[in-house]
Amino acid sequence: MKEGQILNLDTECYHCGDGFSGRPIRFDDKNFCCDGCKSVYSILNKSDLCEYYDINAQPGITQKKYRKDKFAFLDLIEVQQKLIKYSDTNQVHLTFYLPQMHCSSCLWLLENIQKLNSGIISSTVNFNKKEVFIIFHPDVTSLRKVVETLADIGYEPHISLDDLDRKQTLRPNRTRLYKIGVAGFCFSNVMMLSVPEYVLGAGELEPEIALVFNILKVSLAIPILFYSASEFFVSAWKGLKHKFLNIDAPIALALIVTFGRSLYELLSGTGEGYLDSMSGIVFFMLIGRWLQDRTQQAVSFDRDFKSFFPIAVNVLKDGTSTPTTVDKIREGDLIQIHSQEIIPVDGMLSKGEAMIDYSFVSGESVPVSVAKGEIVYAGGKQTGGKIELLVVKEVSQSYLTNLWNKEVDASENDNTIIDTISTYFTYIVFIIGALAGAYWYMNGETRLMWNALTTILIVACPCALLLSSNFTNGNILRILSLNKFYLRSPKIIEKMSNISHVVFDKTGTLTQRRRSKVTYEGQILNKEIQNKITAILSQYSHPLTDAILEYLECTPDFEVTDFKLIEGKGVEAWVDEHHFKIGSPEFLGLKNDTIKGSKVVVGIDGEIKGIFHISNVYRFGIFDLIQKMKDTFKLSVISGDNDAEWQVLKEYFDKDDLLFYQKPDDKLKYIEHLQNNSSANVMMIGDGLNDAGALRQSNVGIAITDSDNTFTPASDGIIDAQRIANLDKFLAFAKDGRKIIGVSFFVSILYNIVGLYFAVQGILSPLIAAILMPSSSISIILITYGMSEWMAKYRGLTKIKSKV
């Protein structure tokens, strides 16, 4: 246990730290909230792994028991072949994503997991990616047993259909790091070989020594030009093929001219060349681009419905249940879906009571009751007991797949202001070079003409402009990621700075997905009546009744008789010779139009006693955020849910900007309407698949997530739900980025003016170039880093450190 930590073991679970809803479970002189937490402690205790609790207090995760055959699909050879990275007769390698990993205790336990399963040879944790790399002996244990071992201690791997579709292991791309290494080595050595020229002056070295130095410099410059700088040439060529001059085009041209001019001077003995400057510029530019990329490696922005689906379900044939991968389910198959499982195909309910949560697909926050013979759509989650479905459409043809694959017609222009400036910059440089060359040609100075033409291209290279953009955006991405706001690419920062209209989804975005607020209106219910209501509502599970039970906090001490559930309406039962009727307003004879929001009416012996109002709980700070953003942005709410929250939201949004009962296609069309009719730059913030089309259509689409294991649709960025209240700060910080680039660009322009002053006269020496170009690059780096750090502090964007 860490020094200074105080635990209240009388009210908190020893394993996970949760409070007790009832009487705690006592074991080994310790209190646990459930059998699952007690079982994990028992397992760790037997294996002498209780040091897990000493590193961090209450480090565990609340345990939920899983059914015995949950991981039976891992015995299927076709599943194993797609999950295993390497195997032979002595060892099997595999990697799992563990979203539950959160502290140093987790890391310690997972790297000692071989004590729980003797077949595991080794376990290595990548904490940043929340991955564990496991090697096990196939003769001692199996893939299924390894997963069950992880699940037993609270680290059930996240395995999805998307994992099966990956043809090969995704390895980190280290190419740019290799290029930086090569450029750094060659640059430092070229500079070292150039020092004698700086000190003694050109032509002062012994010819033999100068020749050796020149050969070495050219040899070191060649890998920089043809390997380290290759991405600039590739990017420039792609732009030219599309008749567009991007920022890399003048850089590539300048590198070619610099190398060619340097090679000519060294071979002809007319000068010392500019290889030191060329090497330094490539090195600094690559570092800037690497800084941009490093914050994006651990975040997935392109997840689709396959990341959300289970790998397999049980198919019923001849009375037996067989685990079958989802891609092999065919029309006419009979499948089993258990409680809290995602439905991967469209099917007709044939057995059981279905309460389907479609919040991710449609945005409707209240689960839908489905009768036998009705269709259940893919993407819904069964919140009741076990059901059986007759498959009517396979995965590839389901409603969910069609929804995801819906095309977005709007064409996106990815060109940034840096690309635009670089285009004009290139033309201006060509014009200046042509005028200077023409001037010296007309004056009969052919040598000065070529000097002016080439040195202007060298010194006026927009490298400083690129560095200002790379380092500013790279540092902004880093700071945003520390605040749990992850962007797909640096270009999104500029798009964010132009946003004029922000559109919020309601369910799961403005509101918390798993919490409800309950209020009661009507006659006072004494403790006895509350206990009787609790006894009735405890007979079945529904989100609305669960919220009421949590609100009442009573013990069901009464016996319930003649209990009857009327699907979609309510329940009626007898308790202590009194007839209770609890359900929707229509079920008890009231007009629903007069009562806004989700509600449950209570009637006893034919008399209405009162109404429970169930409303959403809004995320912390969300209304303060809206108030702060109203003066700067146009704001809208668009939801697939009902209009129960209209009265609340109209206090913060214009009435015309509150849209409810919106289908996914309606959301997409609304974004199109704002872009086409209002010329708005739209940011859409949503959390579900029903928002996927709108997120892709918007200028900037941000997916909000409550945890690392929550599915998020494809987006330009991912924001942690706890950080949504900082959205105004993030948008302001993006605008600050443009200002920082503007300041650093001004500095680079001053550098270009100084360099051009010498270049147009044809007198730019290698020494001046060697001083101007690296000093400009270093000053840009210092300016962009310093200003972005200061602006982050000014905006109140604190740095969040890992628990490890």
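Where does Tyr 227 lie?

Author: Tyr 227 lies in helix H8, which covers residues 207-228. Helices (H or I, at least four residues) and strands (E, at least two) are DSSP runs, numbered from the N terminus. This is a predicted model, where local features need pLDDT of at least 70 and side-chain atom pairs count only at pLDDT 80 or more, while totals for chains, interfaces and linings use all residues. Residues are numbered from 1 along each chain as its sequence is written, and side-chain values use heavy atoms, with hydrogens and water left out.

Tyr 227 has a relative accessible area of 31%, so it counts as partly exposed (buried is under 20%, exposed over 50%, partly exposed in between, with a 1.4 Å probe and protein chains only). Together with Leu 177 and Tyr 178, Tyr 227 makes a nonpolar surface patch of about 290 Å². Patch residues have over 30% relative accessible area and no salt bridge; nonpolar side chains (Val, Leu, Ile, Met, Phe, Trp, Tyr) are joined within 5 Å, and like charges within 9 Å. A salt bridge is a side-chain nitrogen of Lys or Arg within 4 Å of a carboxyl oxygen of Asp or Glu. The areas come from the Shrake-Rupley method with a 1.4 Å probe, and for residues only the protein chains shown count as cover.

Now the other rings. The whole structure holds 9 aromatic pairs (rings of Phe, Tyr and Trp, its six-membered ring, with centres within 6.5 Å; planes under 30 degrees apart are stacked, over 60 edge-to-face, the rest tilted). One of these is Phe 187 with Phe 283: the centres are 5.9 Å apart and the planes at 25°, so the pair is stacked. Phe 187 belongs to helix H7 (residues 175-200) and Phe 283 to helix H11 (residues 275-294), so the pair ties together parts 96 residues apart in sequence. Phe 187 is buried at 13%, and Phe 283 is buried at 18%.

Phe 504 and Phe 653 have ring centres 6.5 Å apart and planes at 70°, so this pair is edge-to-face. Phe 504 is in strand S17 (residues 501-504) and Phe 653 in the loop between helix H21 (646-649) and strand S25 (658-659), 149 residues apart. Phe 504 is buried at 0% relative accessibility, and Phe 653 is buried at 4%. Elsewhere, Tyr 520, Tyr 551 and Phe 612 form one aromatic cluster.
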